[in-house]
Amino acid sequence: MVKIISVVGARPNFMKAAPVMRALREQMECELRLVHTDQHYDDKLSAVFFDELGLPRPDIHLGVGSGSHAWQTAEIMVRLEKVLEEAKPSLVLVYGDVNSTLATSVVAAKMNIPVAHVEAGLRSFDRTMPEELNRIVTDHLCEYLFTTEPSARKNLLKEGIPEEKIFFVGNVMVDTLLEHRARAQKINSSQKLGLSPRGYALLTLHRPSNVDVRETLEGIMEAVSEIAKELPVVFPCHPRTRPHLNSLLAKLNGPNGMNENRVIITDPLGYLEFLSLMIDARLVLTDSGGIQEETTVLGIPCLTLRDNTERPVTIELGTNVLVGNSRERILAAAKKALTSRLSEGRVPDLWDGKAAERIARTLANHLP
């Protein structure tokens, strides 16, 4: 019996793991176990997703929690090593680019356990991003590299990774979106906030480059305040952003600043609630990688508050525009998006809801 351990740790992993684990159960005879590192341990960022996505409850919780990058990565490695020693899996599956992905890949590779990376080969070429370092190291340790777009294969080949390890399968995030789209639409999250479809913008912020420097966050939120004069902005606030934002609210809520009735700040939302809001949004502003992909599939204009992206296909084919984090560039791009008829773009190849099936089929054909 093939033994596979799937390791997740943070919100983006859950959306990717759910369809893959389901497809593995359908296509292979295998003993499949789920390990949660608890990198994200808050119910609003973790437990609710297991319920909504139909993920089985983890077989093992590592209980790591938050901390510095070095501490968190090391703690996952120490705790996971014991799990792998006992389980002796045939394969370990990792997802995306979080610290749990890096830590798992290092531990498994050192124990000579094959690793498969779902969403391999993406590169922003910005090594100041912790996620970029995680992606690079993980890919060079893996035996199976499952890619979402053509640029990923090119990146891996340039880095000297053998072509026989690379498999273009599509995007499992899209599998999850397409599966749950109809459910999300029935929730009508916008109506619950007193908003009409296409009558608001949606904002997410969590990257250190945007939220850890007060002047940068202040400039972004000033731009958001200006956009809110045209249409309300819904802002589900990430836990790491909240403390930084709280220190600015007194200033931003002044006579010439943010209008609390037009910028709606909420707690983090579950997957279905957030997807419902995104489906009905007129405009999305984000620094998230996954949301660039989801808005491309949904045909919604997306302003990415970064100077680079590891998902270039969302710009080449989709609705994504890089605008950086300066107030002026954000406002100029938002004005264009709100006053012009933008192309809805087109959906990239193999973003068809069947990526997980291709991953399961590939593993079934290659694992001993």
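Strands E2 and E3 (residues 60-61) pair in the parallel sense through two bridges, where pairing requires that DSSP find at least two bridges between the strands. Helices (H or I, at least four residues) and strands (E, at least two) are DSSP runs numbered from the N terminus. The model is predicted, so that local features need pLDDT of at least 70 and side-chain atom pairs count only at pLDDT 80 or more, while totals for chains, interfaces and linings use all residues. Residues are numbered from 1 along each chain as its sequence is written, and side-chain values use heavy atoms, with hydrogens and water left out.

Together with helix H1 (residues 11-27), E1 and E2 form a right-handed β-α-β unit (right-handed: with the strands pointing away from the viewer, the path from the first strand over the helix to the second runs clockwise). Strand E2 (residues 30-36) is largely enclosed by the rest of the structure, because five of its seven residues are buried (under 20% relative accessible area, 1.4 Å probe, protein chains only).

Val 284 of E11 is the bridge partner of Leu 202, and its partner in E12 is Cys 302. In a regular strand, side chains alternate between the two faces of the sheet. Both faces of E11 are covered, with Leu 283 and Leu 285 buried on one side and Val 284 and Thr 286 buried on the other. E11, H13 and E12 make a right-handed β-α-β unit.

Thr 241 lies in the loop between strand E9 (233-236) and helix H11 (242-252). With 0% relative accessibility, Thr 241 counts as buried. Beyond its neighbours within four places in sequence, Thr 241 is in contact (heavy atoms within 4.5 Å) with Leu 205, His 206, Val 211 and Phe 235.

The lining of the largest pocket comprises 47 residues, of which Pro 12, His 40, His 206, His 238 and Arg 240 lie nearest the pocket centre. Elements giving two or more residues to this lining are H1, H3 (69-87), H5 (130-141), H12 (271-280) and H13 (289-298).

Key
Buried means under 20% relative accessible area, exposed over 50%, partly exposed in between (1.4 Å probe, protein chains only). On a 1 Å grid over the protein atoms alone, a cavity is a set of points where a 1.4 Å probe fits but cannot get out, and a pocket is an open set with protein on both sides within 12 Å along at least five of seven lines; lining residues have an atom within 4 Å of a point.
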